[in-house]
Amino acid sequence: MNAAEGTVHIVDDDASFLTATARLLLASGFIVKTFQSAMDFLAQREADAPGCVVADMQMPGLNGLELQAALAATPNPLPLLFLTGHGDISSSVRAMRSGAEDFLEKHAPKEQLLDAVRRALERDAREREARAHRQALQGRFDALSARELEVLSHVLRGRLNKQIAGDLAINERTVKLHRTSIMAKLQVRSVTALTQLVQEAGRMGGHERTDLP
């Protein structure tokens, strides 16, 4: 991944270390922004901008773990890696379990830091693409009317048009029109593809959705 595809946001209350880390990353071809507190970063962050976060663990105001939690609660969270002089096993375990890309000490070799930053930017690109796909898929289902969702649920159970018409007390021709509209809106051409799409939508976000047929 080209470094220009994302910004590395460095958050550290140690001004001298902040400057040194920024210089290292800039010299390695990364785009860098620096912040001396988590609150400053959250206040100035561009919500949809690609990138990653390199943060200290112990900072005034919000600490590193609190920053991680705040990022996770946003629609477009950025991968975060910790670069800290105050690490401990408990904090590192909590950070990694919450999805941190890495947990490094400040005196770690620069190659480790650069590798972790590259991985974080690559992860951001992958997750951003996955979110865009989920949103596009959600948009297709949002376009269905309540009646179309009803018809869809019957189609997925293998019901024929005549049976669906009887179940819903509507004309068989109306069922056909609804099916045609459903296939067009969901951009599929067969019941098999339709079933696969519904299954994929049901898994969006890593859990089964209950609002789909």
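A residue counts as buried when its relative accessible area is under 20%, as exposed when it is over 50%, and as partly exposed in between (1.4 Å probe, protein chains only). The model is predicted, so local features need pLDDT of at least 70 and side-chain atom pairs count only at pLDDT 80 or more, while totals for chains, interfaces and linings use all residues. Residues are numbered from 1 along each chain as its sequence is written, and side-chain values use heavy atoms, leaving out hydrogens and water.

- Helices (H or I, at least four residues) and strands (E, at least two) are DSSP runs, numbered from the N terminus.
- Strand β1 (residues 7-11) is largely enclosed by the rest of the structure, because five of its five residues are buried.
- In a regular strand, side chains alternate between the two faces of the sheet.
- In β1, Thr-7, His-9 and Val-11 point one way while Val-8 and Ile-10 point the other way, and all are buried.
- β1 runs parallel to strand β2 (residues 31-35), joined to it by five bridges; two strands pair if DSSP finds at least two bridges between them.
- From β1 the chain passes through helix α1 (residues 15-27) to β2 in a right-handed β-α-β crossover, meaning that, with the strands pointing away from the viewer, the path from the first strand over the helix to the second runs clockwise.
- Strand β3 (residues 51-55) also pairs with β1 in the parallel sense, over five bridges.
- Val-11 stands opposite Phe-35 in β2 and opposite Ala-55 in β3.

**Helix α7**

- Helix α7 (residues 161-168) has Asn-161, Ile-164, Ala-165 and Leu-168 as its buried residues.
- These cover an arc of only 100 degrees around the axis, so they lie on the same side of α7; the arc is that of the directions from the helix axis to the C-beta atoms.
- The buried residues of α7 pack against α6 (146-156) and α8 (172-186), where contact means heavy atoms within 4.5 Å.
- Exposed Lys-162 and Gly-166 sit on the face of α7 turned away from its buried side.

**Glu-101**

- Glu-101 lies in the loop between α4 (89-97) and β5 (102-105).
- With a relative accessible area of 16%, Glu-101 is buried.
- Not counting residues up to four places away in sequence, Glu-101 touches Leu-80, Leu-81, Met-96, Ala-116, Arg-119, Ala-120 and Arg-123.
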